[in-house]
Amino acid sequence: MYSKDRLAEILISTNCVKFGEFILSSGAKSNVYVDMRKIISHPAEFMELIRIYTRMVSNLKFDILAGVESGGIPFATAIGVELKKPIIYVRKEYKNHGLKKLIEGEYKERDIALVIDDVSTTGSSIARAVEVLKSNNLIVYDAFVIVDREEGAREKLQQLNIKLHYLITLKEIISLMSYQASMPYTKEIRGKPHE
């Protein structure tokens, strides 16, 4: 198992959690944004996260990892390297040049694909990737994200017979941040040394 507190600390200390006014990919407004692209600039924390992620996905049955463009690609790649599993990725849209494919990488028909993304909100991006994979004769049972915002993704994917797995919810991250902020004598507040 892993510590959700430690996972939240990693995400907070690498500035993956932002506060302000944001428009999410779903079109919804939010005062919290989870930007997992930040963590790739922090190699030690990124690898710690990948080790956690790898332990959790290794319990699932799959032949190939399918990263969702673009947030899922670095995570699918790192996990694939760790587990020595092949990796593909699903584009958001066809390109007008080259081979004009929606799936990049090599796979076999009837491979079981584990869909990897960084954050789930409504589940639309993952659902679209699942449809692309299935239409190309891949089998999908599971999708895995780091952070679930708990805004309908699990339910949407369940309608497609896909189980959404996650490492932590946004609510759990915010709860830890609130707890840390309420501790006046803590050595670390939000992952940074207290001065």
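**Ground rules.** I am working with a predicted model, where local features need pLDDT of at least 70 and side-chain atom pairs count only at pLDDT 80 or more, while totals for chains, interfaces and linings use all residues. Residues are numbered from 1 along each chain as its sequence is written, and side-chain values use heavy atoms, with hydrogens and water left out.

**Entry: β6.** Five of its five residues are buried, so β6 is largely enclosed by the rest of the structure. Buried means under 20% relative accessible area, exposed over 50%, and partly exposed in between, with a 1.4 Å probe and protein chains only. Ile 112, Leu 114 and Ile 116 point one way, and Ala 113 and Val 115 the other.

**Entry: neighbours of β6.** I then checked pairing, which takes at least two DSSP bridges between two strands. β3 (residues 64-68) runs parallel to β6 with four bridges, and Leu 65 has Leu 114 as its bridge partner. β8 (residues 139-148) is also parallel to β6, over five bridges; here Ile 116 partners Phe 144.

**Entry: Lys 61.** I found Lys 61 in the loop between α2 (43-57) and β3. Lys 61 is exposed, at 62% relative accessible area. Its C-alpha atom is 35 Å from that of Ile 23, 38 residues apart along the chain.

**Entry: the hairpin.** Ile 23 stands opposite Lys 29 in β2. β1 (residues 17-23) and β2 (residues 29-34) are antiparallel, over five bridges. Five residues lie between them in this hairpin, and Gly 27 in the turn has a positive phi of about 95 degrees.

Methods
Helix = DSSP H or I, 4+ residues; strand = E, 2+ residues; numbered from the N terminus.
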